[in-house]
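Biologist: I am new to this structure. Could you walk me through a few of its features?

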Amino acid sequence: MKAIEVFTDGACRGNPGPGGWGVLLIIDGKESSLCGGEKDTTNNRMELTAAIKALEVFKEESILTLTTDSTYVKDGITKWLDNWKVKNWLTASKKPVKNKDLWIKLDQLNARHKVSWKWVKAHVGHRENEIADMLANKGIDEL
């Protein structure tokens with residue numbers, strides 16, 4: 001079984017504004033990366049997009065660790081999502097879930113794999129998170 005580690009990040013210049021997402025993949029010790037961007041988006045949409053793009057890489061069921069600096073993504077997928085679905089995509093305060101389209105996509109991809117979701121504090125020198133952040137900003141720069 002391959003050892004797969006994934007590090008994701010999203011960035012936005014203005015919120016909303018131009019945004020980017022970045023993914024660092026480490027598969028059996030070999031690093032590769034992905035990035036992209038959108039002209040008019042939000043930081044949370046880019047954080048979600050990074051996780052989606054990362055999971056889309058793996059066509060077959062995979063066991064992986066995905067590390068994000070977004071509590072929104074980590075808590076959403078590990079704590080809130082099941083309740084949102086039960087409550088017909090309404091939050092605890094009975095408001096529509098933001099970014100429902102991306103949450104549905106992420107949920108489908110997450111169900112296909114065995115993902116351990118991890119959180120790391122942003123901008124504290126964590127090597128892989130800093131690379132993912134650099135890639136997200138590159139995604140904006142290349143728009």
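Predicted model: local features only at pLDDT ≥ 70, side-chain atom pairs only at ≥ 80, totals over all residues.

Biologist: Start with the backbone. Which residues does a cis peptide bond join?

Modeller: Look at the omega angle. Here omega is about 15° for the bond between Asn15 and Pro16, and that bond is cis. Pro16 sits in the loop between strand E1 (4-12) and strand E2 (17-27).

Biologist: Now phi. Which residue has a phi near 55°?

Modeller: Asn88 does, and that is a positive value in a residue other than glycine. Find Asn88 in the loop between helix H2 (71-86) and helix H3 (100-112). Asn99 is another case: its phi is positive, about 65°, and it is not a glycine. Asn99 also belongs to the loop between H2 and H3.

Biologist: Is Asn88 buried or exposed? And what about Asn99, buried or exposed?

Modeller: Read the relative accessible area. Buried means under 20%, and exposed means over 50%. Asn88 has 62%, so it is exposed. Asn99 has 15%, so it is buried.

Biologist: Where does Trp89 lie?

Modeller: Trp89 is in the loop between H2 and H3. Its relative accessibility is 12%, so Trp89 counts as buried.

Biologist: Which residues is Trp89 in contact with, leaving aside neighbours within four places in sequence?

Modeller: With those neighbours left aside, the contacts of Trp89 are Leu81, Trp84, Lys95, Pro96, Val97, Lys100, Trp103 and Ile104. Take Lys100. Trp89 and Lys100 are 11 residues apart in sequence. In space, their C-alpha atoms are 7.4 Å apart.

Biologist: On to the core. How many residues does the largest nonpolar core have?

Modeller: That core has 28 residues. Those with the most contacts inside it are Val6, Leu55, Leu64, Leu66, Trp103, Leu106 and Trp117. At least two core residues come from each of E1, E2, helix H1 (43-56), strand E4 (63-68), H2, H3 and strand E5 (114-119).

Biologist: Which element gives the most to this core?

Modeller: H1 does, with 7 residues.

Terms used. Residues numbered from 1 in each chain as written. Heavy atoms only, no water. Helix = DSSP H or I, 4+ residues; strand = E, 2+ residues; numbered from the N terminus. Buried < 20%, exposed > 50% of the residue type's maximum accessible area, 1.4 Å probe, protein only. Contact = heavy atoms within 4.5 Å. Core = buried A, V, L, I, M, F, W, Y, C linked by side-chain atoms within 4.5 Å.
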